[in-house]
Amino acid sequence: MNSETRSVYLIADFTVSSFAALLERDPAPPHLTVREAPYNQVEPELLALAHSTSSANQIVFVWTRPDAVIASFAKLLRGETVDIARVLEEVDAFCEIVAAAGLACQSLFIPLWTLPAHVRGLGLLDLKLPDHGIWGALAQMNGRMVERLSQKRNIYPLNAPRWVQKVGERSFNVKQWYLGKVLLSNELFKEAVLDFKAGLSALGGETRKLVMMDLDNTLWGGIVGDTGWEGITLGGHDAVGEAFVDFQRALKAIRQRGILLAVVSKNDESIAMEAMTKHPEMVLRPGDLVGWRINWGDKAQSILELVKELNLGLQSTVFIDDSPFERGRVREALPEVLVPDWPTNPMLYVKALEDLRCFDAASVTDEDRKRHSMYVAERQRDTSMSQATSPEDWLDTLEMKINVEPLEPSNISRVVQLLNKTNQMNLKTRRLTADAFREWCNGENRFFRAFRVSDRFGDSGLTALLSLERSDAEAEIVDFVVSCRVFKRGVEETMVAKAVEQCRGWGVERLVARYIPTAKNAPCLAFWETSGFERQGDGNAFVFDTARPYEPPPHVAIMETASENPGDT
Amino acid sequence: MVKNIVLSAITALNEELPEGERIDPSGTTRLIGPHGTLTSLQVVNLVIHVEEGIAEHIGTELDLTVNEELFDKDGPLQTVDTLIAYLTKAVAGHHE
């Protein structure tokens, strides 16, 4: 996990010093320092941010009262008749100011508007008279805010009404409001802290990507080895059986978001897989899993093997098991794995899963949605490799295609995700926001291409990045990033061939790759050591004379996609 | 019971405070006045926590925040012990 301390600028029109303190004191990463804007100066502060040139790295949190920033809504609260169209116009105007501030900062978080539960508006008629009702207007205002802001690249509306729902009547304390202009209680602030920090972790690329689950009393009730699949508790007209089905549905739902599922269980594999295949109410089938280890061995060892097989890190993994003994064992042996405490009552499993908050993501790309099928294809690829007579023969059978494409609005999310998450095959491990990366690519004497890889087993998606920068007679490889999913299949050589071709186009004679070592990018060094480049200087510089031939691998079919904006490099 | 409620309110308030500034829950700890460390907002938060705790666990609705003497520098918020004594009396008085 990232131990870096991040700075947050908190703008609000009520007292939020307790929220700031709770953010700073919360022990979970990321650690935050909070600076509070002057009290009740929301619009001037947002306007100042919008015109600031020094807030590009700023994380901003804007928390407002609906009646403080939307004057027509304040009139509604006072019982005046207001045209709802006028209210929404003011929401639009407020959102424009927020959006302008968002352009100038790294990310901006804004909770939706809430009201204390004792506000009943017009009672029975509150939702029936759209021009007069308080709650109806508030719902429309929040809907409008989401519509206006959710499409902005780095602005994240937060679901404050959910926090109020969770904390209940104690979300607000009117006495605190009158005594200290504190609108919301610490209990509600704590919910906000959890969601905000989960969001920041997601933006930092710290999303957990793999859930490993036990089977007996975790995915279903009972011991399948004792009762057979016909005897386990799953579905049916049974409260606990329904709870297990719902838990499996919740897991399947996070799989749709790109989170991988695997099983680690102490069981007889054939009996367990028979249950997963044959039970009529089983939601998760073997095809929903990227792997499993079902045996009588140590679960920590099984987790290690599976993580290695999937080429993921332990820090990407969550382990769910009903047994406190197994949880304790895995926590002790593999501290990087998230092992949540787990309720004893299966009816609380879905809630426990939702409360983890570790699956929040900054965006969901096509690659995320396809991640499961990519791993299944990878398994098939491994099988075919083990049956091939030589690595070269195997590569020839893959029918590999690589599409080379420029930076586009349609691929920037994935490009930046790959840039910021890739550790192993990463020449310099440069980390940049989408804006900063786009700006860099638009600079003079720079070249960028993304590589989309597929073969007969499936589409691996956008899995490699190459960027170059030219200076006089030399060009340097700035980013050389390859997802571990496509290592050693000719993608690296295709990228180098592309770089050499670009150098020739520029009339540049020397191509240089300068390797910056990290704790994790030794595989990148191993590639450059055998790349055909000449090792120079301190041993971390690799140089190629572009007059020499560098052919792309013969087993790869290369296609080029033109820019969506002709004229772009 | 009142003592536990006060200690629980101090624990809740300490969640906001940096490690070196947390309130020692022992009886002689000064809350406001000379050598007291709480800001006015923290005092309000402490009193609100206490009010909510008493309402929840004893079932007595006390309006502490409208009682100006509570906030006097020589008043019940001088120390943890004086606060507990004041609240115990207030709860008993409410039940008479």
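**Ground rules.** This is a predicted model: local features need pLDDT of at least 70, side-chain atom pairs count only at pLDDT 80 or more, and totals for chains, interfaces and linings use all residues. Residues are numbered from 1 along each chain as its sequence is written, chains are lettered from A and ligands numbered from 1 in the order in which they are written, and side-chain values use heavy atoms, with hydrogens and water left out.

**Stop 1: aromatic pairs.** How many aromatic pairs does a search of the whole structure find? The count over all chains is 26. Rings of Phe, Tyr and Trp (its six-membered ring) pair if their centres lie within 6.5 Å; planes under 30 degrees apart are stacked, over 60 edge-to-face, and the rest tilted.

Select A:Trp63 and A:Trp163. This pair is edge-to-face, 5.7 Å centre to centre, with 70 degrees between the planes. A:Trp63 lies in strand 3 (residues 59-63) and A:Trp163 in helix 7 (residues 160-167) of chain A, so the pair ties together parts that are 100 residues apart in sequence. Helices (H or I, at least four residues) and strands (E, at least two) are DSSP runs, numbered from the N terminus. A:Trp63 is buried at 2% relative accessible area, and A:Trp163 is buried at 0%. Buried means under 20%, exposed over 50%, partly exposed in between (1.4 Å probe, protein chains only).

**Stop 2: charges over rings.** Select A:Lys181. Its charged end sits over the ring of A:Trp177, 4.9 Å from the centre. Now A:Arg430: its charged end sits over A:Trp440, 4.3 Å from the ring centre. The test is NZ of Lys or CZ of Arg within 6 Å of the ring centre and within 35 degrees of the ring normal.

**Stop 3: the largest nonpolar core.** A nonpolar core joins buried Ala, Val, Leu, Ile, Met, Phe, Trp, Tyr and Cys residues through side-chain atoms within 4.5 Å. The largest has 43 residues, and A:Trp528 is one of those touching the most other members. Helix 20 (residues 491-506) of chain A gives the most, eight residues.

Stop 4: Select A:Ile11, in strand 1 (residues 5-12) of chain A. A:Ile11 is buried, at 0%. Beyond four places in sequence, its contacts (heavy atoms within 4.5 Å) include A:Ala37, A:Leu46 and A:Trp63.
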